[in-house]
Structure formats: structure tokens, C-alpha cells
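Good morning, colleagues. I would ask you to look at the sequence and the structure together as I speak.

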Amino acid sequence: MKHCFRGIRLFLPVLIMSALCGAAYAQDASDIMRAQRNAANGNYDAFNNQPGGYGENPYDNEEGEGEQLQDSTKKERIRKPLESYYFNDSIRALPNFEWFIDRDYNKLDIHPIDTMLTDWRIDYPFYRKGVGDITVGSLGQASEPINYFDRPDDFNFTFSKPYYVYNYTAENVPFYNVKKPFILMSYRESGQKRYREENFGITVAQNISPTTGVSVNYLSRGTKGKYDWSRTKNHNTSVAFSHTGKRYSVFAAYLNNHIEQRENGGVVGLWAIRDTTFEMPSGVPMKLSDAQAQNTYRNNAIFVKQAIAIPLQRVTEYDFSLADLSTVYIGHTFEYNSWSKIYTDKYATYTDIRGDRDENGEYIPTTHSYYDKWYINPLETRDSICERIITNRLYVQAQPWKRDGALGTLDGGVGLDLHTYSQFAMNDYASGKYGRDKRTSWFVYGSIDGKIKKYVDWRADVKFYPSGYRGGDLSVGGDIAFKAYIKGHALILSGKFRQENRTAPYWQQTLFSNHYVWNNSLDKESETRFEVAFRVPDYGLELGAWQGVYLNKIYYDRNSLVSQYGGSLSMTAIYARKDFNIKGVHLDHRVLVQFSSNQEVAPVPLLSAYLSYYYEFWVKRDVLRVQVGLDGRFNTNYYAPGYNPALSVFYNQRDWNTGNYPYIDAFVAAKWKRMRIFLKYQHLNKGLFGNGEYFSAAGYPLNPGMFKIGISWGFYD
């Protein structure tokens, strides 16, 4: 991979010059911008510049394509169109699109493929949604959303949660339908060779027929690290196959996630960033750099989801799709998911030269060990844990009248989870084998949804575990969206409700490692959540509010130990987004206000914001479009979470008060037909203004100033 990246860097100028010379073959940029605007509105019709309807072949979408001279001795070859009930006329007519599956139900979440200029300059994936994440540093490293209601709450392998934005899962692996072979490549890099960040991605998609396609996604992201002992390697691969036929559909994928993270434990003291200037960031003293701590994660997953349709009405040659007929669908889903984590370190101490003061007020150096306990080996650590889950689901979907009707579909299913947990505990030394803990859970689930023309969408669902490991767990909820249109502009008012009772994850109940040992008896956690939002996509307006009430909240305390708060915790969040566009001057604002009833259990900043001010203009109409501007991030002062390397979790601490620091990037981004480019200087205000405490997670400084360049190029034929 090292040689691959070197070759890509040498090839960048050639790519740029080739793109400039090959503009005649590119896609019209104005269509892309119109597609972007309507994607936010949920209106896929505007992507389509071609006629599309039942009985038409959307694959014959170019002038002359699909036309043949008539020959009295040769029958004209007719290409079979995309007949799947998943896609309406507007979707079928798109030149390409992607979707994500629903693990439980026979539904898809459809989106345009992202080839837009908007947000292309944001190279850290954890900064792309809302006001961004709390992060321990740079690309490839752990993070969690600042918005408390966006934080992942996965029951399985909780140690992978800090890397949620990187990992491929059954819910986020993309499937594609493309009318021509599609390749999208991107490469971004920054910093000197010794400290370089590199971000490489490639997507290859090909339809064998209008209904059958294959795709491969590969992402390699990481950094050699500005700070000592902070190197990260993150490789993620998905290989997907889909067939969306008239009566039979199947989605299958193989996923591989591999993460290697050197853990430096953060700076030895706030003074090392705020009050001291080092010649190079690598000179900043870190707590675990001498201990050579490292985490390695490996994940392999396979899933296959399939369904067959049984029409309840006669299907004629004029029925292009089953979406408008009474139909029953029977399906099955199989998933295999295996995770492992290995944490290693060596015993070492670190010295804080400003750890204390004497009677004269002079600093006294103090020496510490990062971990207080060494249960297995006092000299070095090698903690290895594994988790495997095999899931089978059998489901039925009834479509009483038509799929987009007031009563669209009724869904129900039953599933079985087989869990296997492995860790090397003290009593395993005699046998020399890992202990295995096997558990089983049964669950049933169902939903009902509908659509009243284009004005109302509604849905309700329930999932219950009647017996087994998670016996008594319950999730019930629903959502509704009202839409109105003024001069073609959509106004969307939506509301959601969710009530959950859930068992504590296995690793919060049981863990044996060199630094942490526990065997907890935890009550079920309860959450009641309300959400309301109002959006006007065409005018860049979004208002949202969340209210959550938690009982028996589980969290990691200041000692990184699992704790459970027996009282009631209330969390409130208010979000506002407004994007102004005044003759090419864009003033984009995202602001989040949060209130926690107990900051020791659930610490959140009162105010968080992401502001982007830039000028966007055409250098050459419909050919080259450019953005020039600034991005800024900010949150108020609070006790930000710390990060524990041995556990791979964020924990609540009360020693570091972090915030009130603006973090500003300057950028130039451009889209030349199918190619996107950006130049960016990250942390422009380093040493110019701010309080000097550029931390996001407690003790983990953000990157100092660095220059970045990126390029993305799509090939559609």
C-alpha cells in the first residue's frame, strides 16, 4: 500500500491534466447541482432529464442507443428493463443510483451517488453530519458525535463504536444500479512525508443486466501522526452483489474492516499545548508513547438477504411492476459477523514536569503510570477478545393494494441470534484455551406503513425479545411526515417517537483484562425519545428538537469503570441549520444547543456550532465551478469525555475543562466536469487567536496547522 500511495502522488499531475483535456466527455455540472438540490428534497424526478414510465426501457437513454436498423431476416433485440417493485419511474430513469438495505424489512433506502462539490472539502468523515464529533485527533482515529442523540447504541461489539464512521456494516454497505460501468476514485493527502495523512478510496460498480449488479468499495485511511506514537491504519472493503427482479430479489455482501491504532494516551499536561511551543508536534510529551500501546481490530462479515414475491392478482404483460398489485413477499436474511480486538502495551511511566508545586510556587515534576492495575502481567499486556454473532431472520411482507398506498405494507418476522464471546481469563491459564460464553436470543418484530399521495408518510414498528439472553428487551416507535408545497418547494414537518428497554452489552457486564476486571449485574436500560423537525430543503432551512428520558443509564465513570445511574436522566437538544446564498456568497450555519440534567453522567457542551462561509462561482459556465472560503468549528467549555485506549471507550472525566476554541480551515474547492479538487489549510488560526487549548476529547489535541490536497474522479463509461 505504501508504494501504491507513492504512485498515486506521482500520478496526481497527470490525472489533473488528463481531466482538463478530457472535458468533452464529461457530465453537465448544472445537472449535478440540480440533482443535489432535489436529493435533499427527496424528489428524484429532477434527476431525470429523460422520459421514464411503465413499459419504457430506461437503459436506452442516449441518442441512438438501443436503436437498430430493421432487418426482415433478423428480429430486433429488445433489452429487458428494470422491473423491480423497489423502484418507481423516476428512480428507474436515473443514470445511476445507490441504496442501502433494511436488515429487518423488505425495504430499501435510495440515494443519488455522491459526486457533488458540496462538502467535498470535508475530508474527515466524522465532521460531515451536523456539528461533527468529539475526536481524539485526526483521520482514522476514534470519535463520537457531539449530538447526544446521534451516538451509536449498538448492542454488538461495543469496542468498535468509536470507529463507527469508518466501518462497513450490513446497514451502510452501498449497492448500485448503473447503466454504464462506474468507477469513482479519490485520493487526499496532507503533511510532510514523516507525518502524512492519506485517504484513498475506490468504487467500482457494474450492472450485468438492468436488474443485476456487482460492486466493490475499498477505503484506506490513516495517518503517520503529527504527534508521537499516533499512527493509524484503517482499511475497509465491501464486495456486494444484488439482483432486484420482478418477483425475486437478493442482496449479498462480504465486508472486511481492519484497524491498527497506536495509542499515545494524550498529552501529559495541558501546559504542553497551551503554554509551550515545541519545534515539531512530535516533541509534545505523550503519556503512553514509551509504553508502545496499540489496538488492532479485525472484522469479517457476510450477509445474504433474499425475498420472493407471490402476487395475489393475475399479472399481465402490461404490469411492468408488482408495486401496484396485491402481493405477499416471503424472505430470509442470514448474517455472520465476527470481531476481534487485541490490545498490547509495556509497563512504562511518564513524567509531568508541571505535575505539582512546592511551597514557593515552583513546579515539581511528578511521575505516573497510566494504568493503576496490572492483574495478569506486571510488565506487558496482550489482551485478546473476540465476539461472533450469527443471525437468521424469516420475514413476511403483505402489500394489500399498492406499495405507495395509504396502507402500503404490513411486515412481520421472527429471528434468532447466536452469540459467542471469547476472552482469556485467569482460570484459563490452566487449560491454555480461551473461555467461550455462548448465548441465544429469540426475537419477533413487525411494522406497518403507508403514504397518502405525496403529502403524508407514516410508519409504526415494534421489536420484542420474548426469551433468551435478551429476554424482555423491547423497542416500539413510529414516525410521521407531513409535506406541503409552495411554488414547487417542499415544506416538511416530521415527528418521531421511540421507547426502548435493552439489556446491557456483554462486555459491560463481563470483562477480564490486564488493566480492568469486572463482573457487573446491571439492570435493563430504558430510553424514551421524542423528535420533531421542520425542513425546507430548497432554502437550506432545518429546525429540530430532541427530548430523551433515560432510566438506569449505563456509562463509564472517571475511572473508566462501568457505572449505572439509578435515577432519571433528561437530555434536551435543539438544532438549527440555515444556509444563505446571496449571489454566490454562501453563509452556512449549523448550531446545536444541549441541556443535560446530570453532567457527570452525560456531559455535553451547551453550544456547538459549525459555520462555513464561502464564495461559489462559475469560472466557465457548466464546466468549471469553484468554492473559496472558510470552515469553522466551536463548542463552549465543558468536561469533555476522555478516551481509554485499553477499553476503546469514551469515559466521563472531571479534570480537563475543554472548549471555547475556534478551529478554522481555509479552502479552495473546484469541480471540473467529473473531477473534484480541493486545496485546504487546516487549523488556519493556530497561534493567531483562541485560548491555545485546541482539544476535542480531554487530553487529546487536534492537529496543528497543515496543508491538504485532494482529488476525486468519476468514470461513467
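Let me begin with a question: through how many residues does a hairpin join β9 to β10? The number is three. Please bear in mind that this is a predicted model.

I turn now to the interior. In soluble globular proteins, nonpolar side chains tend to be buried together. The largest nonpolar core here has 79 residues, and those touching the most other members are Val 267, Tyr 371, Trp 507 and Tyr 643. Elements that each supply at least two residues of this core include β11, β12 (327-346), β24 (541-556) and β25 (562-582). Another core, of 32 residues, lies apart from it; among its members are Leu 82, Leu 94, Leu 322 and Tyr 445. As for Trp 507, its contacts beyond four places in sequence include Phe 157, Phe 159, Ile 385, Tyr 421 and Trp 518.

Finally, the surface. A nonpolar patch of about 820 Å² includes Tyr 248, Leu 394, Val 414 and Trp 442. Two or more of the patch residues come from each of β11 (293-311), β15 (380-399) and β17 (435-452). Val 414 itself lies in strand β16 (residues 409-423). Its relative accessibility is 35%, and therefore Val 414 counts as partly exposed.

Methods:
Residues are numbered from 1 along each chain as its sequence is written. This is a predicted model: local features need pLDDT of at least 70, side-chain atom pairs count only at pLDDT 80 or more; totals for chains, interfaces and linings use all residues. Side-chain values use heavy atoms; hydrogens and water are left out. Patches are made of residues with over 30% relative accessible area and no salt bridge: like charges are joined within 9 Å, nonpolar side chains (Val, Leu, Ile, Met, Phe, Trp, Tyr) within 5 Å. Accessible areas come from the Shrake-Rupley method with a 1.4 Å probe; for residues, only the protein chains shown count as cover. A salt bridge is a side-chain nitrogen of Lys or Arg within 4 Å of a carboxyl oxygen of Asp or Glu. Helices (H or I, at least four residues) and strands (E, at least two) are DSSP runs, numbered from the N terminus. Buried means under 20% relative accessible area, exposed over 50%, partly exposed in between (1.4 Å probe, protein chains only). A nonpolar core is a set of buried Ala, Val, Leu, Ile, Met, Phe, Trp, Tyr and Cys residues joined through side-chain atoms within 4.5 Å. Contact means heavy atoms within 4.5 Å. Two strands pair if DSSP finds at least two bridges between them.
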